[in-house]
Amino acid sequence: MVCKPAKFKGLLVGILLGIFFFGTVIWGVNFALGPEDRLFEIVLLGPAFLFLLGYIVIWLGLATMKYKAEDDGLVISWLHKRYTIPWSNITELVKVSGRLNLISFLGVSWPGYIAGTYDIKGIATSKVFGSDLEQLLIIKTGPIAYGITPSDEFIQLIAERSHREVTPLDTYDLPDDVIGKMVNEDLIYLGLHAINILIIIFLMIYLAIFFPGSGANPKIILLLVLALGIFVFNMINASRLYHYVPVAAYLLWLVGVIINIAFLVISMSVVGFGF
């Protein structure tokens with residue numbers, strides 16, 4: 001039996017995020033730089049295209065992800081990788097619900113998609129390949145655990161093949177010191193994150209309204225490209241830092257706020273308001 005987790009949301013969000021970020025960066029660099037800036041353009045676009053290639057590979061990982069129950073074990077497929085878990089190696093099946101505190105060791109996620117190695121606080125360090133975390137099943141095999149998001153029917157099949165009962169776990173029943181501090185419950189972190197987003201949106205709207213016809217140097221668009229690049233860098237690193245040194249995560253977002261405000265002020269001084 002083959003089970004393919006729900007993918008539509010993750011695939012769609014991945015496409016929209018990719019178009020928005022890489023489209024803006026590639027268009028912005030091409031628009032801002034002329035033939036005389038070819039070397040600078042290569043320096044900026046070279047890494048952008050490499051990251052785009054990696055992003056496409058990650059997106060294809062979701063597109064190809066599936067779980068298969070074979071005679072000798074459970075097979076998790078992600079892109080070219082296959083993880084085979086013999087039925088006899090499964091020691092525990094845990095169906096998780098409630099709040100999840102996931103610390104990424106080497107993983108990627110966006111709404112509707114998660115893949116990689118995560119420390120799921122209070123549960124296990126797991127290789128997770130899934131989409132809907134409300135369907136998260138942790139498969140423990142001794143020192144290694146796997147997290148997948150199959151259908152209820154497939155969960156029952158795994159239980160039958162492995163001769164293990166599925167243990168429900170509501171993480172709200174776990175003590176706070178076991179779950180640990182969570183990013184999505186920290187108002188300071190969320191506030192700084194939101195301010196960064198609002199400033200970038202304001203910068204985009206401002207440039208869209210006042211840059212055309214202003215006569216300003218097209219290179220001013222590079223400030224928007226840099227703002228997006230810094231934001232993505234902070235998104236990747238701040239959440240990791242938070243679990244070890246929360247203050248460092250706050251500072252990372254605060255520096256982002258200061259830089260983005262500076263970019264906005266520079267843009268306004270160069271472009272003006274069309275008066």
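The model is predicted, so local features need pLDDT of at least 70 and side-chain atom pairs count only at pLDDT 80 or more, whereas totals for chains, interfaces and linings use all residues. Residues are numbered from 1 along each chain as its sequence is written, and side-chain values use heavy atoms, with hydrogens and water left out.

Asn101 sits in the loop between strand E5 (92-97) and strand E6 (102-110). Helices (H or I, at least four residues) and strands (E, at least two) are DSSP runs, numbered from the N terminus. Asn101 is buried, at 5% relative accessible area. Buried means under 20%, exposed over 50%, and partly exposed in between (1.4 Å probe, protein chains only). Contact means heavy atoms within 4.5 Å. Setting aside residues up to four places away in sequence, Asn101 touches Asp119, Ile120, Lys121, Ile179, Gly180, Lys181, Met182 and His243.

Aromatic rings were examined next. Rings of Phe, Tyr and Trp (its six-membered ring) pair if their centres lie within 6.5 Å; planes under 30 degrees apart count as stacked, over 60 as edge-to-face and the rest as tilted. The whole structure holds 17 aromatic pairs. Trp27 and Phe31 form a stacked pair, 5.2 Å centre to centre with 20 degrees between the planes. Both belong to helix H1 (residues 8-32); because they are 4 residues apart there, about one helical turn separates them. Trp27 is partly exposed, at 46% relative accessibility. Phe31 is likewise partly exposed, at 38%.

Phe231 and Trp253 form a tilted pair, with 5.5 Å between centres and 50 degrees between planes. Phe231 lies in helix H6 (residues 221-242) and Trp253 in helix H7 (residues 246-271), so the pair ties together parts 22 residues apart in sequence.

One aromatic cluster consists of Phe21, Phe22, Tyr55, Trp110 and Tyr113. Of these, Phe21 is found in helix H1. Its C-alpha atom is separated by 8.9 Å from that of Val225, 204 residues apart along the chain. Beyond its neighbours within four places in sequence, Phe21 is in contact with Leu228, Gly229 and Val232.

Helix packing was described by axes, which are lines fitted to C-alpha atoms, for helices over the stretch in contact; angles run from 0 to 180 degrees between N-to-C directions. The axes of helix H5 (residues 187-210) and H7 come within 9 Å and cross at roughly 15 degrees. H5 is therefore roughly parallel to H7. Angles under 35 degrees count as roughly parallel, over 145 as roughly antiparallel, 65 to 115 as roughly perpendicular and the rest as oblique. The crossing of H5 and H7 is left-handed: the near helix is turned anticlockwise from the far one by less than a right angle, clockwise being right-handed.

Two non-glycine residues with positive phi were also noted. Leu79 has phi near 60 degrees. Leu79 lies in the loop between strand E3 (73-78) and strand E4 (81-86) and is partly exposed, at 30% relative accessibility. For His163, phi is about 60 degrees. His163 lies in the loop between helix H3 (152-162) and strand E11 (166-170) and is exposed, at 72%.
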